[in-house]
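Subject: Structure handover

Hello,

I am passing on the structure below, with notes on what was found in it. Please read the notes with the structure open.

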Amino acid sequence: MTRHPSTGAARGSGKPQESGKIRGSGERGVGRPKDPTKRDAMMDAAACLFFQHGLDGVTMEAVAREAGVSKVTVYGHFSTKEALFGSVIRRETEKMRQGLECLPDTTEGLRQSLIDIGMGITRFLMQPHVLAVERVIAMQGEQHPKLVRAFFEAGPWATCQWLQEQLCALEDAGLIRLPDAAQAADQLCSMWQGMLVKEMRMAVRPPPSDEELHRQVSAAVELFIEGYGNDTSED
């Protein structure tokens with residue numbers, strides 16, 4: 001039985017278990033009911049500012065101005081800037097969980113299945129909100145280890161575990177051989193991304209065209225099949 005080194009999930013155990021949501025210790029939860037519209041506006045404004053300037057480069061006053069509310073209103077929902085930052089990161093990691101549900105799930109032919117899955121995962125990782133969260137997490141990670149772990153559980157670890165399950169399904173269909181499913185998933189996901197995702201994360205290149213992305217993913221699939229393909233399978 002192969003276990004993913006990060007999640008501890010076993011092959012055949014279904015979708016990775018979602019970790020409990022980290023509660024925001026600085027979020028206001030008592031008193032007069034809060035206006036959800038204003039809260040959403042503040043979260044949107046804070047996300048925009050945090051992703052541009054990082055935690056240290058943003059003030060609660062700036063969030064209030066961007067959201068079109070008073071500073072008192074911001075503090076009425078979030079007692080500290082750190083609490084607001086935590087709420088933003090939790091919301092974005094939840095988007096990542098939801099994004100995994102949109103990835104393709106198919107075992108209809110080895111090569112095309114892996115290309116479809118690779119295109120889906122790589123496009124997902126290059127979405128602006130995913131890249132933005134990764135950038136700000138890289139800047140503030142040491143100060144907020146619980147938020148970093150929540151991000152990894154919802155994003156990279158969950159993605160790799162999901163891919164491991166797809167590869168196991170392909171193995172069950174007799175299309176590949178997997179001595180170590182977790183290692184194979186790590187290798188394939190890394191090959192799919194190549195330098196493209198890293199370059200986009202560092203903002204040194206524009207998004208690739210569909211043709212360029214397909215070429216990157218297809219080349220990775222060819223290498224993967226050469227190493228893990230079952231000679232008797234049809235692709």
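The chain has 11 helices and 0 strands, where helices (H or I, at least four residues) and strands (E, at least two) are DSSP runs numbered from the N terminus. Along the sequence the pattern reads α-α-α-α-α-α-α-α-α-α-α.

Before the details, two remarks on how to read them. This is a predicted model, in which local features need pLDDT of at least 70 and side-chain atom pairs count only at pLDDT 80 or more, while totals for chains, interfaces and linings use all residues. Residues are numbered from 1 along each chain as its sequence is written, and side-chain values use heavy atoms, with hydrogens and water left out.

Overall figures

Of the 235 residues in the chain, 46% are buried; buried means under 20% relative accessible area, exposed means over 50%, and partly exposed lies in between (1.4 Å probe, protein chains only). The chain exposes about 12,300 Å², and carbon and sulfur atoms supply 50% of that area. Accessible areas come from the Shrake-Rupley method with a 1.4 Å probe, and for residues only the protein chains shown count as cover. Among contacts (heavy atoms within 4.5 Å) with a separation of 6 or more, 74% join residues 24 or more positions apart.

Cysteines

A disulfide is taken as a pair of cysteine sulfur atoms within 2.5 Å, and by this rule the count is 0. Cys-189 is in no disulfide, as the nearest cysteine sulfur, that of Cys-160, is 5.9 Å away. Cys-189 counts as buried because its relative accessibility is 10%. Cys-48 has 33% relative accessibility, so Cys-48 counts as partly exposed.

A search of the whole structure finds 1 cavity of 30 Å³ or more. A cavity here is a set of points, on a 1 Å grid over the protein atoms alone, where a 1.4 Å probe fits but cannot get out; lining residues have an atom within 4 Å of a point. Grid points are joined across faces, edges and corners, and a volume is the space filled by probe spheres set on the points. The largest cavity holds about 40 Å³ of space. Helix 5 (110-125), helix 6 (128-140) and helix 8 (156-172) each give two or more residues to its lining. Including Met-96, Phe-124 and Phe-151, the lining has 6 nonpolar, 2 polar and 1 charged residues. Ala, Val, Leu, Ile, Met, Phe, Trp, Tyr, Cys and Pro count as nonpolar, Asp, Glu, Lys and Arg as charged, and the others, Gly among them, as polar.

Glu-134 is another of the lining residues and lies in helix 6. Glu-134 counts as buried because its relative accessibility is 14%. Leaving aside neighbours within four places in sequence, Glu-134 is in contact with Phe-151 and Arg-201.

Other residues

Met-139 is also found in helix 6. Met-139 has a relative accessible area of 48%, so Met-139 is partly exposed. Its C-alpha atom is separated by 9.7 Å from that of Asp-56, 83 residues away along the chain.

In helix 2 (residues 60-67), the buried residues include Met-60, Val-63 and Ala-67. Gly-68 follows helix 2 and has a positive phi, near 75 degrees.

Ala-203 lies in the loop between helix 10 (196-201) and helix 11 (210-228). Its phi is near 60 degrees, a positive value in a residue other than glycine. Most residues other than glycine have a negative phi. Ala-203 is exposed because its relative accessible area is 60%.

Regards

Note on methods. On a 1 Å grid over the protein atoms alone, a cavity is a set of points where a 1.4 Å probe fits but cannot get out, and a pocket is an open set with protein on both sides within 12 Å along at least five of seven lines; lining residues have an atom within 4 Å of a point.
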